[in-house]
Amino acid sequence: RRWKSLTSYVEKAGSEDLNKFFNENFYMIYGVFFDSFTAYEASCKKGKHSNTEVNDMMLVLSNVLTHLSELIRKKWQTRSIAAVLEKLLYKENKINVRLSGFQLLWSFLEAVQTLEATQIDL
């Protein structure tokens, strides 16, 4: 339920509202995102796939990378985000998922621009 509320808000809100929302609720937003990602990953192992859910997850992650870049630059959740990106870029995923994952990787690298490669631990 929290996931559906989050994705609905992200789809409808303007950029300024999203920036304020993400900066005020970053801990909760990332927790909901990561829990949903983990649950979706488990359902995929059972053979249940949903393009809509994947697209929603990538939209939320994109907003995390956009609106929380200052926190990410300070190493907030970098290992967790890198692990999610690694799973999105997995060679067995559909090409559209991998392409979107690559775009998110690019955004992630822009957000962590000041970190050394050894600090990110990809």
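Me: In which helix does Thr-7 lie?
Reply: The model is a predicted one. Thr-7 is buried, with a relative accessible area of 7%. The element that holds Thr-7 is helix 1.

Me: Which residues does Thr-7 touch, not counting residues up to four places away in sequence?
Reply: Thr-7 and Val-60 are 53 residues apart along the chain, and their C-alpha atoms are separated by 6.9 Å. With residues up to four places away left out, Thr-7 touches two residues, Asp-56 and Val-60.

Me: Which residues does Phe-33 touch, not counting residues up to four places away in sequence?
Reply: Phe-33 is among the residues with the most contacts inside the largest nonpolar core, a group that also includes Leu-61, Val-64 and Ile-72. Leaving out residues up to four places away in sequence, Phe-33 touches Trp-3, Met-57, Val-60, Leu-61 and Val-84.

Me: Which residues make the nonpolar surface patch of about 400 Å²?
Reply: One member, Trp-106, is placed in helix 7. Trp-106 has 53% relative accessibility, and the cut-off for exposed is over 50%, so Trp-106 counts as exposed. The patch is made by Leu-89, Phe-102, Trp-106 and Leu-109.

Me: How many residues apart in sequence are the parts that Lys-87 and Glu-41 tie together?
Reply: Side chains of opposite charge can pair when their charged atoms come close. Lys-87 forms a salt bridge with Glu-41, with 3.3 Å between the closest N and O atoms. Because Lys-87 lies in helix 6 and Glu-41 in helix 3, the parts tied together are apart in sequence by 46 residues.

Me: Are Lys-87 and Glu-41 buried, partly exposed or exposed?
Reply: Buried means under 20% relative accessible area and exposed means over 50%. Lys-87 has a value of 38%, and Glu-41 has a value of 23%. Both values fall between the cut-offs, so Lys-87 and Glu-41 are each partly exposed.

Me: How far apart are the closest N and O atoms of Arg-73 and Glu-70?
Reply: The count of salt bridges comes to two. Arg-73 and Glu-70 are three residues apart in helix 5 (residues 69-73), so about one helical turn separates them. In their salt bridge the closest N and O atoms are apart by 2.7 Å.

Me: Is the pair of Phe-21 and Phe-22 stacked or edge-to-face?
Reply: A search of the whole structure finds eight aromatic pairs. Phe-21 and Phe-22 form one of them, with 5.9 Å centre to centre and 85° between the planes. Planes over 60 degrees apart put a pair in the edge-to-face class, so this pair is edge-to-face.

Me: Which angle lies between the planes of Tyr-30 and Phe-34?
Reply: Tyr-30 and Phe-34 are four residues apart in helix 3, so about one helical turn separates them. Tyr-30 counts as buried at 3% relative accessibility, whereas Phe-34 is partly exposed at 32%. Their rings are 6.1 Å apart centre to centre and stacked, with an angle between the planes of 20°.

Me: Which residues do ring pairs link into a cluster with Tyr-30 and Phe-34?
Reply: Phe-33, whose contacts include Trp-3, is also a member of this cluster. Besides Tyr-30 and Phe-34, the cluster holds Trp-3, Phe-26, Phe-33, Phe-37 and Trp-76.

Me: Where does Lys-75 lie?
Reply: Lys-75 is not a glycine, although its phi is positive, at about 75°. Lys-75 counts as partly exposed at 42% relative accessibility. Its place is in the loop between helix 5 and helix 6.

Me: What is the phi of Gln-77?
Reply: Gln-77 is placed in the loop between helix 5 and helix 6. Gln-77 is partly exposed, with a relative accessible area of 28%. Though Gln-77 is a residue other than glycine, its phi is positive, near 60°.

Definitions and conventions
Residues are numbered from 1 along each chain as its sequence is written. This is a predicted model: local features need pLDDT of at least 70, side-chain atom pairs count only at pLDDT 80 or more; totals for chains, interfaces and linings use all residues. Side-chain values use heavy atoms; hydrogens and water are left out. A nonpolar core is a set of buried Ala, Val, Leu, Ile, Met, Phe, Trp, Tyr and Cys residues joined through side-chain atoms within 4.5 Å. Buried means under 20% relative accessible area, exposed over 50%, partly exposed in between (1.4 Å probe, protein chains only). Contact means heavy atoms within 4.5 Å. Patches are made of residues with over 30% relative accessible area and no salt bridge: like charges are joined within 9 Å, nonpolar side chains (Val, Leu, Ile, Met, Phe, Trp, Tyr) within 5 Å. Accessible areas come from the Shrake-Rupley method with a 1.4 Å probe; for residues, only the protein chains shown count as cover. A salt bridge is a side-chain nitrogen of Lys or Arg within 4 Å of a carboxyl oxygen of Asp or Glu. Helices (H or I, at least four residues) and strands (E, at least two) are DSSP runs, numbered from the N terminus. Rings of Phe, Tyr and Trp (its six-membered ring) pair if their centres lie within 6.5 Å; planes under 30 degrees apart count as stacked, over 60 as edge-to-face and the rest as tilted.
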